[in-house]
Amino acid sequence: MRVKIRLFGGPREILGKSELDRDVEAGLTAGRLVADLMEEYPVLESYAPVIKIAVNQRYADAETELREGDEIACIPPVAGG
Amino acid sequence: MAEQKSASLFEVTTGELSVDDVVARVANPSIGALASFVGVARDHTDGRQVRYLEYEHYPGMAEEMLQQVGDEIRARWTTIEKVAIVHRVGRLEPGEISTVIALCAAHREEVFDALRYAINRLKEIVPIWKKEIWADGAEWKGEW
């Protein structure tokens, strides 16, 4: 199934991309997807411990099982205000 | 109890912010107290001169989370009648306004606590990011 990954801030700038499409197996968790991304791009390593995950624009547990068409966002530490 | 959904109460914009404009979004004759917080782009950090700031946000989720901050406030302090939070993104020069929060109640007691909660919560959960650009480098700020 197809899912979309959204990137912001530092990770977006490092990869030079704000979106990635991925074909993944049904039942994959959001946490596994993001962990795989960090392995695929070792330049993101420093972000691995601090990334939060959003699924379809809501903060989500790493255990969240993904569905076709989901939008998964890597949320690095926020800095509004 | 959800705050009435309105782009004008919880907004992310690239336009210049005006305190009066945001205050006007919550002001009405039935309230006796109105408090506002104004966040400003600072020209230095840890002894370094900041040339400018670049803010970015997650469109959709950022506005939703601003609304959530408003909902949380109205759940915790039932006397707070209305909350507006507007954040600017894009390039900001030092001295420009990055965020304006305004909230109101019949009486003054709770507006101060609610205002502090609003800015602290914004900094915790709202997906907005800030990059500082110095003369000799740049850095994405933020910590959980």
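Predicted model: local features only at pLDDT ≥ 70, side-chain atom pairs only at ≥ 80, totals over all residues.
View 1. A:Leu37 counts as buried because its relative accessibility is 1%, where the cut-off for buried is under 20%. Neighbours within four places in sequence aside, A:Leu37 is in contact with A:Ile5, A:Leu7, A:Leu20, A:Arg22 and A:Cys74.

**View 2. Crossing of helices H2 and H3 in chain B.** Helix H2 of chain B spans residues 61–76 and helix H3 of chain B spans residues 111–125; their axes come within 10 Å and cross at roughly 145 degrees. The crossing of H2(B) and H3(B) is right-handed. From H2(B), the contact is made by B:Met65, B:Leu66, B:Gln68, B:Val69, B:Glu72, B:Ile73 and B:Arg76. H3(B) contributes B:Ala114, B:Tyr117, B:Ala118, B:Arg121, B:Leu122 and B:Ile125. Sorted by class, this contact of H2(B) with H3(B) has 9 nonpolar, 1 polar and 3 charged residues.

**View 3. Contact between chain B and chain A.** Chain B gives 27 residues to the contact and chain A gives 22 residues. The area buried between the two chains is about 2000 Å², with 58% coming from carbon and sulfur atoms. Of the area that chain B buries against chain A, B:Tyr58, B:Trp129 and B:Trp144 supply 38%, more than any other three residues. There are 2 salt bridges between chain B and chain A. A:Arg12 forms a salt bridge with B:Glu56, and the closest N and O atoms of this pair are 2.5 Å apart.

How values were computed:
Residues numbered from 1 in each chain as written. Chains lettered and ligands numbered in written order. Heavy atoms only, no water. Buried < 20%, exposed > 50% of the residue type's maximum accessible area, 1.4 Å probe, protein only. Contact = heavy atoms within 4.5 Å. Axes fitted to C-alpha atoms, helices over the stretch in contact; angles between N-to-C directions. Helix = DSSP H or I, 4+ residues; strand = E, 2+ residues; numbered from the N terminus. Left-handed = near helix turned anticlockwise from the far one by under 90°. Nonpolar A, V, L, I, M, F, W, Y, C, P; charged D, E, K, R; others polar. Buried area = accessible area lost by both parts, 1.4 Å probe. Salt bridge = Lys/Arg side-chain N within 4 Å of Asp/Glu carboxyl O.
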